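I opened my notebook to look up a few spots in this model. Here is what I was looking at as I went.

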Amino acid sequence: MRVSALGKKGRVSGLMKSLGEMPPEERKSFGQAVNALKDEIGAALQEKHEALSRAALSEKLAAEREDVTLPVRLGPLAQGRIHPVSQVIDEITEIFGDMGFAIAEGPDIETDFNNFTALNIPPEHPARQDHDTFYFSPDENGERAVLRTHTSPVQIRTMLAEEPPLRIIAPGRVYRSDSDQTHTPMFHQVEGLVIDEETHLGHLKWVLEEFCKAFFEVDSVKMRFRASHFPFTEPSMEVDIGYAKVGDEIRIGEGDQWLEILGCGMVHPNVLRNVNIDPERYQGFAFGVGIDRLAMLKYGMPDLRAFFSADLRWLKHYGFSALNVPTLAGGLSS
Amino acid sequence: MKFTIAWLKEHLDTDASLEEIAETLTVIGLEVEEIVDPAEAFKAYTVAEVVAAEKHPDADKLQVCTVNTGTETLQVVCGAPNARAGMKGVFAPVGTYVPGIDVTLTKAKIRGVESFGMLCSERELELSDEHHGIIELPEDAEVGSPAADALGLTDAMIDIAITPNRPDCLAVSGIARDLAAAGLGTFKDKPVEPVKGDFKNPQPIALKFDADSADACPVFAGRVVKGVKNGPSPDWLQARLKAIGLRPINALVDITNYISFDRARPLHVYDADKLTGTISARLGKVSEKFEALDGKTYEVDPEATVIADDEKVLGFGGIMGGEETGCTDETTNVFIESAYFDPIRTAKTGRRFNIVSDARYRFERGVDPQFVVPGLELATQMILDLCGGEASEIEVAGEAPEGRPAFGFDPARVKRLSGLDISNKEIEVTLEKLGFELAGSAPDLQVTPPSWRPDIHGPADLVEEIVRLVGVDKVAPTPMPRASGVAKPVLTDKQIRQRLARRVLASRGLVEAVTWSFIPEAHARLFGGGAPALKLDNPISTEMSDMRPSLLPGLVTAAQRNKDRGFSDGGLFELGQAYSGAKPEDQYLAASGVRFGNVSLEGLGRDWQGNAPKADVFAAKADLAAMLQSFGLDPSSMMVVAEAPDWFHPGRSGSFKLGPKVTLGVFGALHPETLRALGAEGPMAGFELYLDALPKQKKKGSGRSALGASDLQAVRRDFAFLVDISVPAGDLIKAARSADKALIAQVGLFDVFTGKGVPEGKKSLAIEVTLQPMEKTLTDKEIDAVAEKIVASVVKATGGELRG
């Protein structure tokens, strides 16, 4: 059809050719009419052509139907998990990082000096018995290494290696030879240490209150500071946090029950002397919190022992996605 | 430390309620662990009168009582033989929990007769084992009043945890002093009146120490009381001891226990008639032994302080006395010992012989050295009061250790350390209430600590006293500004890499586990561990005896446990320390993982689009490479060698190396023997990355090098080579890439083939080479020239040939 109308020998082409034989005054209007005719036929043909190819494609696609209800694999992100302890350490890091703290670390197997003596716990101090320490056999010099019973030796390492002012937190594994319903021989603590010329108890209270609010993501928390005793701090305090129990759920920031969550105090002058810092000039605070305990409170795991059983059912349920990186901007536990 | 409120009030004048007292104790550092308040426990029970008691129509042993409770008259069925009209008893209404029978009462029909409550026996209230009948209250007991009052159960017991620095609070008097200083009443200071002796002490005493052990027992005092009458102590004393969980023995022993808890002054009483010659304190001698009050026989040693007479060892000084010379009901002449024993030696001896006693507990924390003689006087007076007799004069061997000197204290330090704004006056008053002696004035106050406070050494200790007694709650939270200037990174490079590694592995489908740092010795040995230096002296079990030399054994056994639970496919990883020695530098940080069953990045196990492949060496290699890549390192340019530790399959394992000596990580299928020894079922593949071995992060600015993207068409050419089966593919790729470093942008290996068409002992490796011209389009001639260079380079490096 296209050829019979618009081909070289087509009828419209014939009309175009007849133009040359026309008088000039007719030629103009006739030419316009023929050109319009040509466009009209062209457009009609194009339209038909497209309609035909559409129909053909539709027919083809109709034959290519897939069952879209077939399942797809969700890929590795759906499988992988971050352990709640790691997640909570990342959250804690985020909060304290914002307050200007750096992260410090130390080895699990510690010297007796770093774990006890330097922290004002001399060999016969009764506090040593409260620590349920794991010991190694004495080495050739008679020195007996221990599995650190707390993260406090990182304080000693930091103060020996760096000059004040210092602001650190030190998360990590700690060990006590204790195993029952609520104790495991290995657990996690985070230590905090601030040393400068003016930090006092009021700053400690503020930091801990800010931390608890940020960590538990509540506008206010009730905290109770009780006098206590640790050989490495003075004054020393234990801190309780107010909570309400609703069914099996623990709600921080509500209610009037108390739960002990951490120990803290002003660094003992003897500890400062042991690391060659002048206690007349420098002072500061230290605190230690159980990380597993914080995780249990925030995310509602009932049993500490399950943290270390590597049970995929537990890890998949309580673990976190790889891309769920805690940030202050995005909400710690978004 | 247990005490009762009535006992406390002998030392403290206070109107404070039980709640106030408990609250204050906790806040000032004497943490309340338990309160047993009978008034509260028996709140529901009231005094009731039996108005009438008649025989139950259908039961011989039951009576139907009409009971007046003061508010109503109820019918109660009762099985007690002593229930009778006119008596007064303890009534529990419906709804009351009765501890002795563990039942909450309901309205019941007993043999067809309704009963609205219960008349209780002592056993039902857990007051005693008495169950012959219901409790009979005195006639003057007021009907309807609380039964606890009528029973005399009004004294609440408080149990507090005493921190090791406060031996003075192992005395009810010490607790009272602290409460008074906290503003909860007035401390009743009770000076001890000396008891004049009627005759010279007939029992010789002596200290027998060398100069270097003289501090074991610097002072030893004693006296004899003649003609005492021993026997059960009076009810009030027995009740007091029972209330704090002690068993009354006899008056003489009960008196020493009482003073131990009342004043933190341990004493010992001997039957003077059983002593021979001089009684002395000295160090033990090898092969000496004695039978202690706990019924056990101890062989003493030359480190232990003992009390001995001329013939035998009588007991461990400050820890436990002997059975043989103890006071019995027959004792008529008693020798009272009051001494000071060194805390450290007492603690060591107690621990060595594993003896726990109230005396050891106090001496090892430090008793008041100035209270040796007053304690003896107090005991004498009590013995004379309760047992009669005549006291000798006191004899003292040695002398009490000197008090600690005064030290200077600027009260301004309280504010500096705590932020608390308290007047000097209040600071001074508080310290004086605690027994400190003050001289001079601020800022150079001279403070002498009281003899009962061995924990006070300097100004910081005083700040602690003020803060805890004035109230930690009064310290206002003070914002701590962030240091100005450019923020330092919170994390070190290594910490950043740890975090990256963790998220990379989790994003590759692995699940993070936290496994024990200690593993069974047999498992440690399989991974090159088990050295004596890494063995715990006191493991919690044989399953947790050795520090792990690698994270893999823990992960493999965890993987198997999960397989046993029905997870046939999956993967676990862990980041943590592993140990090759006890020194800090021998503890290294590893990121390890194990994959088992059918695993792929798409998913696990079977699937309609194709099953996941079995976990193999390449799955492990890919995990390791992904971590390295995330650290900004290029794993494809690293040395990979077919060497790995014994616990991997010898032919299916390898290492990433940085030069010949530094191993960054190992990977592979785990050795079937290793898996068998761990009780695990293969195949499993694993990897371990040593984060400490990684090259340091290069410090560079945040700017990037300029992008060198070319608009010219890249050219791809495929080559297949026949090489010896033992030729590493990595060598071939490296050779191809090095043929023209400028032009060759990428070399990919897309086929490894053995079998039909490939001679025995050979394999075919096919690569795709991408040529990226930067300046002008390549001509066919140039492309052919590069292709020739590639072939030549590969042939030279591998001894192979281009496949036709």
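Is Glu464(B) buried or exposed? I started there, keeping in mind that this is a predicted model. I found 28 C-beta neighbours inside 10 Å of Glu464(B), so this residue counts as buried; the cut-off for that word is 20 or more.

Next I looked up where Glu464(B) sits: helix α13 of chain B, which covers residues 459-470. Setting aside neighbours within four places in sequence, I noted contacts from Glu464(B) to Glu234(A) and Pro235(A).

Then I turned to Glu465(B), also a residue of helix α13 of chain B. Glu465(B) counts as buried because 27 C-beta neighbours lie inside 10 Å. Again leaving out neighbours within four places in sequence, I listed its contacts as Thr430(B), Leu431(B) and Leu434(B).

I also checked the record. An unreviewed UniProt entry has the annotation "binding site" for Asp455(B), Asp461(B), Glu464(B) and Glu465(B).

My last stop was a sheet in chain B. Which order do its five strands take? I wrote down β15-β18-β21-β22-β23, an open sheet with mixed pairing. At the edges I found β15 (205-208) and β23 (320-321) of chain B, each pairing on one side only.

Inside that order I picked one pair to follow. Strand β21 (residues 305-308) and strand β22 (residues 313-316), both of chain B, pair in the antiparallel sense over three bridges. For Val306(B), I noted Phe316(B) in β22(B) as the bridge partner.

Notes
Residues numbered from 1 in each chain as written. Chains lettered and ligands numbered in written order. Predicted model: local features only at pLDDT ≥ 70, side-chain atom pairs only at ≥ 80, totals over all residues. Pairing = 2+ DSSP bridges. Helix = DSSP H or I, 4+ residues; strand = E, 2+ residues; numbered from the N terminus. UniProt positions renumbered as here; feature names shortened; annotations may be inferred. Buried ≥ 20, exposed ≤ 12 C-beta atoms within 10 Å, placed from the backbone. Contact = placed C-beta atoms within 7 Å.
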